[in-house]
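Hello,

Here is the structure I promised to pass on. Please open it first; my notes follow below.

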Amino acid sequence: MDKSFELEIVSPVKTVFQGEVTSVTVPGTLGSFQVLKNHAPLVSTFEIGFIKIRKDTEIMEYATGGGIFEVKKNKAVILAESVETREEIDISRANLSKSRAEQILKMMDAEVQDKEAAKIALQRAINRIKLADKK
């Protein structure tokens, strides 16, 4: 029995993935969730984390900065703010972003707006570093 469904991952820059998969796991706002074939219709936001795709025995992972996820009639679409494979991550740039964000967060007189942006930048940098460090 065929257990696959269509998945498309799109970022503002390009279509990152398009094809048949057996499952996709997305970093939901209240925790990761997985979608399989014949999933009920769904529209949801998702957070910074990893998108994990299973295609039979092959597993692919992407670092993402969040976005919107829709499932309808065995087609799933991920509209991601940012999405990168392990190979696309510039680890030195991610470490630099992490350091800059940590410095901003340490400054007591930084604007609240700057601190919020720094928190998000820090989360994204840590997420990229985690994926890049996976073996």
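Read along the sequence, the chain runs β-β-β-β-β-β-β-β-α-α. That makes eight strands and two helices. Keep in mind that this is a predicted model.

Overall dimensions first. The C-alpha trace spans about 60 × 30 × 25 Å along its principal axes. The chain has 135 residues, and 37% of them are buried. Its accessible surface is about 8,400 Å², with 52% belonging to carbon and sulfur atoms. Among contacts with a separation of 6 or more, 50% join residues 24 or more positions apart.

Next, the core. The largest nonpolar core holds 19 residues. Leu7, Ile9, Val24, Ile51, Ile53, Phe69 and Ile78 touch the most other members. Six strands each supply at least two residues of this core: E1 (5–10), E2 (15–21), E3 (23–28), E5 (42–55), E6 (58–72) and E7 (75–80). E6 gives the most, with four residues.

Ile9 deserves a look of its own. Beyond its neighbours within four places in sequence, Ile9 contacts Lys14, Thr15, Val16, Phe17, Ile51, Ile53, Tyr62, Ile78 and Val83. Three of these partners, Ile51, Ile53 and Ile78, are also named with Ile9 among the core residues that touch the most other members.

Now the largest pocket. Which residues line the largest pocket? They are Ser11, Pro12, Val13, Lys14, Val16, Glu81, Ser82, Val83, Glu84, Glu88, Arg93 and Arg128. By class, the lining has six charged, four nonpolar and two polar residues. Lys14, Val16 and Val83 belong to this lining, and Ile9 is in contact with each of them.

Last, two backbone points to check. Most residues other than glycine have a negative phi. Asn38 is not a glycine, yet its phi is positive, about 65 degrees. Asn38 sits in the loop between E4 (31–35) and E5. Its relative accessibility is 60%, so Asn38 counts as exposed.

Asp56 is the other one. Its phi is about 55 degrees, again positive in a residue that is not a glycine. Asp56 lies in the loop between E5 and E6. Is Asp56 buried or exposed? Asp56 counts as exposed, because its relative accessibility is 60% and the cut-off for exposed is over 50%.

Best wishes

Notes:
Residues are numbered from 1 along each chain as its sequence is written. This is a predicted model: local features need pLDDT of at least 70, side-chain atom pairs count only at pLDDT 80 or more; totals for chains, interfaces and linings use all residues. Side-chain values use heavy atoms; hydrogens and water are left out. On a 1 Å grid over the protein atoms alone, a cavity is a set of points where a 1.4 Å probe fits but cannot get out, and a pocket is an open set with protein on both sides within 12 Å along at least five of seven lines; lining residues have an atom within 4 Å of a point. Ala, Val, Leu, Ile, Met, Phe, Trp, Tyr, Cys and Pro count as nonpolar, Asp, Glu, Lys and Arg as charged, and the others, Gly among them, as polar. A nonpolar core is a set of buried Ala, Val, Leu, Ile, Met, Phe, Trp, Tyr and Cys residues joined through side-chain atoms within 4.5 Å. Buried means under 20% relative accessible area, exposed over 50%, partly exposed in between (1.4 Å probe, protein chains only). Contact means heavy atoms within 4.5 Å. Accessible areas come from the Shrake-Rupley method with a 1.4 Å probe; for residues, only the protein chains shown count as cover.
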